[in-house]
Amino acid sequence: MTLLLSTLYLLATIDATLSGYSAAAGRSALIRKGPHFRTAMLRGFVLGQIAAAISLSLLFAVLNAAPDRAVFRADLLRVWMRMLQIYLPYALTILTAFGFRLIPSVDVRCLTSTLVFGPLAGIRPLVGILGLVWGVLAAPRPEIVAGGSAILILWLLIEWILGTSYRTSESTGLRSER
Amino acid sequence: MNDLEISDEILSFDPDTLQRLPVRKSAVLEKFSANRRATRIVRAMADRDDVLDPDAVDRRLIRVHCEMQRISEEFQHGHRVAELLRPLLAALRTAGVVRPIRIVDVGCGTGFVLRWLAAHGDLGGDVELVGADYHPALVGEAMRLAKQEDLRVTFRVANAFRLDPPGSMYLSTGVIHHFRGKALPAFFRSHDREETKAFVHFDFLPSPMAPFGSWLFHAVRMRDPLAKHDGVVSAIRAYSGAELLRAAGDGAPGFVRAMYGTRLGVLPIPRAFHSLVGLRPEYREAFVRALESRRSRLGEWA
């Protein structure tokens, strides 16, 4: 259980950190944006830890409330195992593309965007949903469906939440447009 | 009418005085009457007595340019431009061209390309980078950003081809597809001055996959609906290499011309961008030599 949960936590933390990057991208026109992105990724990491704490609290609350705790635990393990069957290949593909991105070639770097980063960023919400559905099919208990959906929505909202501060400053400038 | 870009229609400048002209919202809506998405975007824009609010338009376009810069960065556009400029500059230096070598970015917007070159391009101390655009708000933003990072580059609200002294070399990114019909050869005609030795214009490379690819990237990466709309239309309107070579030949016959970087090596995969290179015939040999291993990316000379 610890290994599965740790793997899911690690993937979620990476996802939240990269969500910080994504929320900040396209919002600074400077050329040297190191500090801009470092701050953004740190914010993503921190928000990811808060989301992880909320997710874990929800998980343990449901686990403690379950009348058949041993069975529920076994069901959870099967669900997590299947979720990782979807999430791990997705994450590994992205991390591998980051590896290729280190090659100092304009063509190789562009290919990572064209073939990996762009399309996979586009299907990220679908992958999130697919992983949950595929996992839950192993043990379709109402509390797992409800809890899993709540946690997934929380994670999918992270980038939007991180973008709030940027949107607020942008809307100050655009208020007269509305 | 569906292949119009919103950003072209919500701005108007007198080409001689560069004075901003009022744009009637109803006239823009009329142009996009067959395009529901564009109509929605324009309808939501602020106006005063049917004239589009120029301040709101400026802020919107600065934001759109910021989002466009993200795509340029992701697709390594600064590196791509520098890779081509270095052999061009080497060719000009070999032939002892007058210094400083003045590179003028036509329609520079918020000046990403020149600012990137000033920060990372390593083009040499004898190179002067000048950006020109009609739009004072975009030029103002380019100047602000360059100052903030202490970059050696200047920006002007000007017609790039009326600068004094003129450019030794002209470049642009995503600009030439805005010139339609006879305006395209006329654009190239503007290059044909004694002081101008070369030009390089980057634009989307049209291919069967380009509209889908452009849609995907603008859907995933852009936030502003105007940026999403215009980005896709740009890819649809982009000229083929043959069209660009023909127009450049008509407009600027004093330059030899070739397309650069249309394929990914031997792979049958088209690139997102291609570029039209033009230079005076006397620099051709030195340029090809300076390309070294990248020589295979250069198409046939016209």
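What share of the contacts in chain A with a separation of 6 or more joins residues 24 or more positions apart? In this predicted model, such pairs account for 74% of those contacts.

**Chain A**

Chain A contains seven helices and zero strands. The C-alpha trace of chain A spans about 55 × 40 × 25 Å along its principal axes. Of the 178 residues in chain A, 25% are buried.

| Helix | Residues | Number of residues | Span, first to last C-alpha | Expected span |
|---|---|---|---|---|
| H5(A) | 124-136 | 13 residues | 18 Å | 18 Å |
| H9(B) | 210-221 | twelve residues | 16 Å | 16 Å |

In H5(A), the reach from the first C-alpha to the last is close to the value expected at 1.5 Å a residue. The buried residues of H5(A) are A:Gly131, A:Leu132, A:Gly135 and A:Val136. They lie on the same side of H5(A) because they cover an arc of only 120° around the axis. Among the elements that cover these buried residues are helix H3 (69-101) and helix H6 (142-156) of chain A.

In H9(B), the reach is likewise close to the expected value. Which residues of H9(B) are buried? They are B:Ser214, B:Phe217, B:His218 and B:Arg221. Seen down the axis of H9(B), these residues fall within an arc of 95°, and so they line one face of the helix. They pack against helix H4 of chain A, together with helix H4 (54-74) and helix H10 (225-237) of chain B.

**The contact between the chains**

The contact takes 22 residues from chain A and 34 residues from chain B. On the side of chain A that touches chain B, helix H4 (106-122) and helix H7 (158-174) each supply at least two residues. The largest share of this side, ten residues, comes from H4(A).

**The nonpolar cores**

The largest nonpolar core has 91 residues, and those with the most contacts inside it are B:Leu88, B:Met169, B:Ala198 and B:Ala248. H4(B) gives the largest share of this core, eight residues. At least three residues of the core come from each of domain 1 (6-61) and domain 2 (64-297) of chain B.

What does B:Leu88 touch, not counting residues up to four places away in sequence? The residues it touches are B:Met169, B:Ala198, B:Val200, B:Leu279 and B:Phe287. There is also a second, separate core of eleven residues, which includes A:Ala23, A:Ala25, A:Ala40 and A:Ala51.

**A residue of helix H4 in chain B**

B:Met68 is found in helix H4 of chain B. Why does B:Met68 count as buried? B:Met68 counts as buried because it has 26 C-beta neighbours inside 10 Å, and the cut-off for a buried residue is 20 or more. B:Met68 and B:Trp301 are 233 residues apart along the chain, and their C-alpha atoms are separated by 31 Å.

Definitions and conventions: Residues are numbered from 1 along each chain as its sequence is written. Chains are lettered from A and ligands numbered from 1 in the order in which they are written. This is a predicted model: local features need pLDDT of at least 70, side-chain atom pairs count only at pLDDT 80 or more; totals for chains, interfaces and linings use all residues. Helices (H or I, at least four residues) and strands (E, at least two) are DSSP runs, numbered from the N terminus. A residue is buried if 20 or more other C-beta atoms lie within 10 Å of its own, exposed if 12 or fewer, and partly exposed in between; C-beta atoms are placed from the backbone. Two residues are in contact if their C-beta atoms, placed from the backbone, lie within 7 Å. The expected span of a helix is 1.5 Å times one less than its number of residues. The arc is that of the directions from the helix axis to the C-beta atoms. A nonpolar core is a set of buried Ala, Val, Leu, Ile, Met, Phe, Trp, Tyr and Cys residues joined through C-beta atoms within 7 Å. Domain bounds come from an automatic or database domain assignment.
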